[in-house]
Amino acid sequence: MTTTLPSDLQSADLLGKAAERLPLMLDDLKRVISLETPSHDKDAVAAGAQDFVALLHERLGATAETITVGDTTHVRLRFGDGPARVVLLNHQDTVWPHGTLERIPFSTDDGILRGPGSFDMLTGAIMSVHATAILREHLGEDALNGLSILVTGDEEIGSISSSDLIRAEAAEAKAVYVMEASAGGALKLERKGTSNYVLAFKGKASHAGLEPEKGINAGMALALHLPLVADLADASAGTSVVPTVISAGTTSNTVPAEARVDIDVRARTAAELERVDAAIRKLATQPQLEGSTIEVLGGINRPPFEREQSASLFERATALSADLGLPAPEGVSVGGASDGNFTAGDGIDTLDGLGAVGDGAHAEHEHAVIDQIAPRTALLAALIADQLQD
């Protein structure tokens, strides 16, 4: 494969075309940000999906489909009749509850785009649409054969309903481009895998003042397990095991009959995820408080995204950036997972972090830098064309 732009794009001013589309991209961002889509509100996510279908038709003249898995609605737009060779991976659900727009309204002041989901990851989703539109206008729709755009609706809560859809869509792909936000402008070449658990402890309630000796304190059972859980971490291997949400009891004068703790696990390798999984399940068979019982809920969620799956696409991104006159991209490893973990875990070449430059994922200061949107859209267009050429 050459280290230059595909031949059909030699005369195309991709940077200029992307810059021309920036006002329209900002209009589209206002549109999608203004439709609040918190992951747990399935009706809101469905409404957002329907609007994204309409937007795709308006910008690309193509009819996308909605796919409902369980109670969650996703969007897919395929070009051509064959399997996908390039997949653009997006999500339109956000972590923000209804009413966030009242506090953090959409704005574009001082070159900064703000609003719930602006950084994570609606800017990347809109870039997917407009990079595709640039190629369609310059090369024609037939040149897009083999391209698939996915916009899922539950990434922020673990992609439980969308993971199989993502993996099936990308099964025969040459490249998956994940439009999650960048890491300070850098592309994401490696992500840790994740596991999520709940340990649910059961004891026996009794009156805390009159007869505490007749109870079995589930909260104490939980407390005795916390150091054992934390000891499963291995900093030298990059494995973290963190108890997060903890709850126990119902009233202040009752020995707790139930308690639970959420556990977040991150690891660089599948072997480490499996080691921790086996150890947590073994701990559940060894209650530290006599009479208590433990149930394990959850398990391995996303496999590790190892660097070898991004290497060739990062090389192409570097070469194409040079052809466009853009600075060479940086590449980093990050602890957070994305839907790219599924495709990379299946051995499919995957490049992540192609979306917004900015900061504040899941935070009050969430924002995207506007003058970075057009050049990154141009690079995405070049990357798509690069992998669609035979």
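A cavity is here a set of grid points where a 1.4 Å probe fits but cannot get out. In this predicted model, 2 cavities of 30 Å³ or more are counted by this rule. The lining of the largest cavity consists of Val32, Leu35, Thr37, Gly48, Asp51, Phe52, Gln92 and Leu122. Helix α2 provides the largest share of this lining, with 3 residues. By class, the lining of the largest cavity comprises 4 nonpolar, 3 polar and 1 charged residues. Around the second largest cavity are Val32, Ile33, Leu35, Glu36, Thr37, Pro38, Thr94, Trp96, Pro116 and Leu122. This second lining divides into 7 nonpolar, 2 polar and 1 charged residues.

The largest pocket has a volume of about 640 Å³. Its lining is made up of 29 residues, and Glu156, Arg266, Gly336, Ala337 and His362 are those that lie nearest the centre. At least two lining residues come from each of α4 (118-139), β7 (187-191), β8 (193-202), β10 (258-267) and β11 (293-302). Strand β10 supplies the largest share, 4 residues. In terms of class, 11 of the lining residues are nonpolar, 8 are polar and 10 are charged.

Helix α4, which contributes to the pocket lining, also packs against helix α2 (residues 42-60), with the two axes coming within 10 Å and crossing at roughly 25 degrees. Because angles under 35 degrees count as roughly parallel, α2 is described as roughly parallel to α4. The crossing of α2 and α4 is right-handed. On the α2 side the contact is formed by Phe52, Leu55, Leu56, Arg59 and Leu60, and on the α4 side by Ala125, Ile126, Val129, His130, Thr132, Ala133 and Arg136. The contact of α2 with α4 contains 8 nonpolar, 2 polar and 2 charged residues.

Helix α1 takes part through Leu14, Leu15, Ala18, Ala19, Leu22, Met25, Leu26 and Leu29, which meet Ile373, Ala374, Pro375, Thr377, Ala378 and Ala382 of α10. The contact of α1 with α10 has 13 nonpolar residues and 1 polar residue, and no charged residues.

Two features of the backbone were also noted. Most residues other than glycine have a negative phi, and most peptide bonds are trans. The peptide bond from Asp120 to Met121, however, is cis, with omega near -10 degrees. Met121 is located in helix α4. Asp110, a residue other than glycine, has a positive phi, near 55 degrees. Asp110 belongs to the loop between α3 (100-103) and β4 (112-114).

Conventions
Residues are numbered from 1 along each chain as its sequence is written. This is a predicted model: local features need pLDDT of at least 70, side-chain atom pairs count only at pLDDT 80 or more; totals for chains, interfaces and linings use all residues. Side-chain values use heavy atoms; hydrogens and water are left out. On a 1 Å grid over the protein atoms alone, a cavity is a set of points where a 1.4 Å probe fits but cannot get out, and a pocket is an open set with protein on both sides within 12 Å along at least five of seven lines; lining residues have an atom within 4 Å of a point. Grid points are joined across faces, edges and corners, and a volume is the space filled by probe spheres set on the points. Ala, Val, Leu, Ile, Met, Phe, Trp, Tyr, Cys and Pro count as nonpolar, Asp, Glu, Lys and Arg as charged, and the others, Gly among them, as polar. Contact means heavy atoms within 4.5 Å. Axes are lines fitted to C-alpha atoms, for helices over the stretch in contact, and angles run from 0 to 180 degrees between N-to-C directions. Angles under 35 degrees count as roughly parallel, over 145 as roughly antiparallel, 65 to 115 as roughly perpendicular and the rest as oblique. A crossing is left-handed if the near helix is turned anticlockwise from the far one by less than a right angle, and right-handed if clockwise.
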